[in-house]
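Work through the exercises below with the sequence and the structure open. Try each task before you read its solution.

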Amino acid sequence: MKKIVSLILAAVMVLSLGIYAIAGAEFDKDNITPYPVIIVPGYSAAQLRLNNGDGTYEHLWGVKLEGGGFGAKTIAKLAYGAIKMLAGDPDYLVSVCGPAARNFCEKLRCNPDGTSAYPVERYYWTAEDTNSAVLRERYPDGEFRHEQDIMGVVAQYVGEENIFNFNSDFRMSAIVCAQQLDEYIQSVKEYTGKDKVNIIAVSHGGQVSATYLALYGEKNDVDNAVLTVPAIGGAGIAYDIFNGSCDFNEELIVKFLEHGFRNEQDYEWLIKTHPLGGIDELVDKLLVELFPKIGYWGSLWDFIPVEYYEQLKDKLLDEQECAGLIALSDRFHYEILPNIGKSFAECRARGMNISIIAGTGNQVVTGLKENSDAIITVNASTGATCAPWGSRFADGYTQINPCGGKNKVSPSMEIDASTAYMPDNTWFVDELFHGMTFWDPFSRDLMIKLLLTDEITDVYSDPDYPQFHATTNPSHGVTAAFNNSVEGFASDADTALVVTNICNEGTVKLLAVNVDGADIRFKVNGENLAPGQSVTLEMKGTLPKVSKKLMTVTLSYVIQDSATPVGERTLSFTLDNGDAVEYQGGYVSDGAVQPVKTSPLDGIGSDSFLGAVSEYLEMLFKIVKYWFELAFVKI
């Protein structure tokens with residue numbers, strides 16, 4: 001049964017995941033800054049080649065469409081192996097991928113000191129050769145242009161002739177890549193005749209850009225720098241891989257895919273009842289093949305979060321043979337990273353606008369139990385303090401730094417942004433997955449506005465872009481906010497809850513709204529909401545006269561023609577309605593309101609078939625409970 005469900009799941013997801021056209025932010029072009037835009041892409045986006053020394057080259061890394069790609073037979077083997085792996089048998093895929101991956105990575109191998117074992121070089125590194133207009137003319141199919149969805153929107157405002165695609169040797173330390181970025185910026189300035197540039201950086205590009213600003217910020221060559229889901233302090237996934245402790249969260253992987261494809265139907269409920277299996281074993285076996293080839297990449301060592309760095313360094317690196325690699329990574333971990341907030345502040349004092357957009361609300365997909373965007377922990381991405389995974393700060397929690405009296409605790413009471421690298425210039429998007437900024441309308445529009453204008457100087461500049469926000473990716477179906485408070489908060493000023501269908505295509509039927517943490521109710525009449533449509537539900541009852549107390553609102557709904565019988569989304573709100581609750585210290589488990597038995601099924605673990613079914617039945621119980629209360633309690 002497990003294998004049958006797994007095969008069905010694989011087929012259904014491939015057939016049903018749709019791609020939707022997305023419009024970008026719209027604002028007055030007169031407000032666009034006059035500077036060229038440099039895209040500093042995510043990990044491994046650059047394209048590398050081997051210099052044979054005789055005027056010929058061998059393509060080593062990156063999508064190269066002309067004459068490249070896999071043959072039909074190889075693709076068929078990979079597809080067959082993927083299906084078997086999803087059904088819990090990874091051996092065939094290992095037999096196909098293992099030797100191929102080992103051979104593929106051989107010429108990308110680095111010596112123990114971190115230097116390249118072969119004469120590897122970037123394809124292009126000058127402004128002219130990496131200009132998007134030039135690349136489009138040379139390569140109409142899109143090679144060498146990074147993050148084309150994002151940059152396609154940027155081009156609508158500045159033109160492709162003002163977009164430049166930075167390439168680094170991504171294997172190298174962030175310090176080396178930052179030096180390459182500095183040289184590149186000088187090339188772009190000379191090519192365009194401008195005295196500054198704007199930078200948009202993604203993931204590993206965020207770490208490179210942060211390191212660049214720390215080392216070269218005094219040159220004042222940047223106007224706006226937007227770091228999206230940045231790996232500034234490393235990536236939790238790197239620790240799990242290097243430590244050999246991968247425990248893939250399969251349900252999270254499916255959610256990740258749904259998020260990436262903006263899929264409005266949920267399939268993780270199938271995973272709950274029939275875990276796929278095989279992924280952990282596949283990765284473990286492939287790492288045995290790959291570690292000798294990639295184990296001395298300086299970038300991977302810079303990805304190790306500082307709290308785990310010494311442990312892994314002692315375990316995996318020889319003090320003598322790896323002296324050069326260790327020296328660079330030590331400098332990053334102990335000199336640059338601890339002072340990154342100070343470096344950002346100094347850059348901002350020189351007139352540079354630096355911003356961070358980070359995803360939150362997921363554990364690391366490979367098993368590390370920390371708040372993250374599934375790849376990068378929130379602490380590494382932003383410097384913010386987080387409650388232990390599965391917990392939240394107790395009611396009344398007082399943030400670590402006062403920040404002039406500004407509230408820096410997330411509505412879910414899981415994140416304290418007062419310790420962030422930039423407390424007033426960092427946006428946190430709950431349930432945003434890594435690399436999905438463009439597919440979240442809020443994050444995408446904020447990113448473009450921060451990059452191309454000087455209109456937003458901090459998280460208080462524009463009420464449409466609050467510091468804490470729940471993702472509006474269509475895969476989440478619905479979202480909600482109180483009508484008169486900043487998103488994520490509630491007070492006596494509020495009289496209603498505004499529920500919005502955030503799907504691109506599906507019509508949403510709202511079934512129930514359940515509230516924990518406050519004696520308030522909302523009457524639902526089975527409203528059908530078209531894509532983008534909202535309904536305002538009048539609030540009955542009274543909010544507690546307290547502040548710094550968590551309340552959750554759970555929306556139950558059905559999406560038209562969806563494979564998901566019932567959808568559910570729980571949103572967190574902090575009460576801001578009087579004196580703060582007295583803080584008793586510590587945390588509350590499960591990242592939610594103090595546990596209360598809400599159904600007969602409460603407490604059954606979800607790591608079994610019965611537990612998985614109970615989670616779904618409990619969702620139905622909440623709906624029945626809501627309608628029972630609606631019938632016998634005046635709302």
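**Exercise 1. A salt bridge across the chain**

Task: Lys 549 forms a salt bridge with Asp 395.

Solution. 
- Step 1. The model is a predicted one.
- Step 2. Check the cover. Lys 549 has 23% relative accessibility and counts as partly exposed. Asp 395 has 18% and counts as buried, because buried means under 20%.

**Exercise 2. Two more pairs**

Task: Which elements hold Glu 58 and Lys 107?

Solution. 
- Step 1. Glu 58 lies in strand 3 (residues 57-61), and Lys 107 lies in the loop between helix 3 (91-106) and strand 4 (120-122). The pair therefore ties together parts that are 49 residues apart in sequence.
- Step 2. Both ends are partly exposed: Glu 58 has a relative accessible area of 30%, and Lys 107 has 29%.
- Step 3. Glu 335 is partly exposed, with a relative accessible area of 43%. Arg 331 is partly exposed too, at 33%.
- Step 4. Widen the view. The count of salt bridges comes to 24. Glu 106, Arg 109 and Lys 293 are linked in a network of them.

**Exercise 3. The sheet around strand 1**

Task: What is the strand order of the open sheet of seven strands? Which strands pair with strand 1?

Solution. 
- Step 1. The order is 5-1-6-7-8-12-13, with parallel pairing.
- Step 2. Look at the edges. Strand 5 and strand 13 (468-470) each have a single partner strand, so one side of each is left without a neighbour in the sheet. The twist averages 20° from one strand to the next.
- Step 3. Strand 1 (residues 37-40) pairs with strand 6 (residues 197-202) over four bridges. Strand 1 also pairs with strand 5 (residues 163-165), over three bridges.
- Step 4. Find the partners. Ile 39 has Asn 165 as its bridge partner in strand 5 and Ile 200 as its bridge partner in strand 6. Val 40 stands opposite Ala 201 in strand 6.
- Step 5. In a regular strand, side chains alternate between the two faces of the sheet. Val 37 and Ile 39 are on one side of strand 1, Ile 38 and Val 40 on the other, and all are buried.
- Step 6. Helix 5 (residues 148-158) lies across strand 1, strand 5 and strand 6, at about 150° to strand 5. Helix 7 (residues 204-216) touches strand 1, strand 6, strand 7 (222-228) and strand 8 (353-360). The direction of helix 7 makes about 135° with that of strand 6.

**Exercise 4. The nonpolar cores**

Task: Which residues have the most contacts inside the largest nonpolar core? Which helix gives the most to it?

Solution. 
- Step 1. The largest nonpolar core has 114 residues, and Val 154 and Phe 344 have the most contacts inside it.
- Step 2. Helix 6 (residues 174-192) gives the most to this core, with eight residues.
- Step 3. Leave out residues up to four places away in sequence. Phe 344 then touches Ala 210, Leu 213, Leu 227, Ile 232, Ile 354, Ile 356, Tyr 421 and Met 422.
- Step 4. A second, separate core has 29 residues, including Ile 520, Leu 529, Leu 537 and Phe 573.

**Exercise 5. The whole chain**

Task: How many helices and strands are there, and what percentage of the residues is buried?

Solution. 
- Step 1. The chain has 18 helices and 24 strands.
- Step 2. Of its 635 residues, 55% are buried.
- Step 3. The chain exposes about 25,900 Å², with 54% of that supplied by carbon and sulfur atoms.
- Step 4. Take contacts between residues at least 6 apart in sequence: 73% of them join residues at least 24 apart.

Key:
Residues are numbered from 1 along each chain as its sequence is written. This is a predicted model: local features need pLDDT of at least 70, side-chain atom pairs count only at pLDDT 80 or more; totals for chains, interfaces and linings use all residues. Side-chain values use heavy atoms; hydrogens and water are left out. Buried means under 20% relative accessible area, exposed over 50%, partly exposed in between (1.4 Å probe, protein chains only). Helices (H or I, at least four residues) and strands (E, at least two) are DSSP runs, numbered from the N terminus. Two strands pair if DSSP finds at least two bridges between them. A salt bridge is a side-chain nitrogen of Lys or Arg within 4 Å of a carboxyl oxygen of Asp or Glu. A nonpolar core is a set of buried Ala, Val, Leu, Ile, Met, Phe, Trp, Tyr and Cys residues joined through side-chain atoms within 4.5 Å. Contact means heavy atoms within 4.5 Å. Axes are lines fitted to C-alpha atoms, for helices over the stretch in contact, and angles run from 0 to 180 degrees between N-to-C directions. Accessible areas come from the Shrake-Rupley method with a 1.4 Å probe; for residues, only the protein chains shown count as cover.
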